[in-house]
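Visitor: I am new to this structure. Please show it to me, and then let me ask about the terms you use.

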Amino acid sequence: MRNFDFSPLYRSAIGFDRLAHLFNEAQRAEATPSYPPYNIELVTEDQYRISMAVAGFDRSEIDIETERDVLKVVGRKAKPETQGTYLHRGIASRDFEHSFRLADHVKVVGARLDNGLLNIELQREIPEAHKPRRILIDGDSLRSVPSSEQLQAA
């Protein structure tokens, strides 16, 4: 695996320590888990959907939690009381744990389990203080004016 040195970028960027940490973490990351298979869909500009194929799992066997900027989905399959005799066993029923790193201001707004698919709905909610603003130059007092994009949207 290649190792990249990002230290020259740090000289001209201030406050990007978290981004540098993400780069370093990505370099050290092990292979991403492939079970269960999942899709990440862009529904609208600020809405996303993660769909995971969790056939054979009950709602009570799946936990979804968020902590800071990480969404963690954990599946713990309950052990059956009686073990059947299988001629072919193609449906995986092993435990899994999958983590997704969420961007700033992305929140989980809901989850549902339909026909073996776990759908997790995500929404980006940018606070007003973080939206783009145009600043008047040589104004009497410091105030912000909506940007041209905000004026067109209104």
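Guide: Here are the terms, one at a time, each set against its rule. Keep in mind that this is a predicted model.

Visitor: What pattern does the chain follow along its sequence?
Guide: The pattern is α-α-β-β-β-β-β-β-β-β-β-α. The chain holds three helices and nine strands.

Visitor: Why is phenylalanine 100 called buried?
Guide: Its relative accessible area is 8%. Buried means under 20%, so phenylalanine 100 counts as buried.

Visitor: Why is tyrosine 38 called partly exposed?
Guide: Tyrosine 38 has a relative accessible area of 32%. Under 20% would be buried and over 50% exposed. The value falls in between, so tyrosine 38 is partly exposed.

Visitor: What makes tyrosine 38 and phenylalanine 100 an edge-to-face pair?
Guide: Two values decide. The ring centres are 5.2 Å apart, and the limit for a pair is within 6.5 Å. The planes stand at 85°, and over 60 degrees counts as edge-to-face. The pair is therefore edge-to-face. Tyrosine 38 belongs to strand 1 and phenylalanine 100 to strand 5, 62 residues apart.

Visitor: How many aromatic pairs does the count come to?
Guide: Three. One of them joins phenylalanine 57 and phenylalanine 96. Their centres lie 5.3 Å apart, with 80° between the planes. Since 80° is over 60, this pair is edge-to-face as well.

Visitor: Are phenylalanine 57 and phenylalanine 96 buried or exposed?
Guide: Buried. Phenylalanine 57 has 7% relative accessibility, and phenylalanine 96 has 4%. Both values are under 20%, so both residues count as buried. Phenylalanine 57 lies in the loop between strand 2 and strand 3, phenylalanine 96 in strand 5. Together with Tyr35 they form one aromatic cluster.

Visitor: How do you know that the charged end of lysine 77 sits over the ring of phenylalanine 57?
Guide: It is 5.4 Å from the ring centre. The distance limit is 6 Å, and the direction must also be within 35 degrees of the ring normal. Lysine 77 is listed as sitting over the ring. Arginine 94 likewise lies over the face of tyrosine 35, at 4.0 Å from the ring centre.

Visitor: Which residues touch the most other members of the largest nonpolar core?
Guide: Met52, Val54, Leu71, Val73, Leu118 and Leu122, out of 17 residues. Strands 2, 4, 5, 6 and 7 each supply at least two residues of this core.

Terms used: Residues numbered from 1 in each chain as written. Predicted model: local features only at pLDDT ≥ 70, side-chain atom pairs only at ≥ 80, totals over all residues. Heavy atoms only, no water. Core = buried A, V, L, I, M, F, W, Y, C linked by side-chain atoms within 4.5 Å. Buried < 20%, exposed > 50% of the residue type's maximum accessible area, 1.4 Å probe, protein only. Helix = DSSP H or I, 4+ residues; strand = E, 2+ residues; numbered from the N terminus. Phe/Tyr/Trp six-rings, centres within 6.5 Å; stacked < 30°, edge-to-face > 60°.
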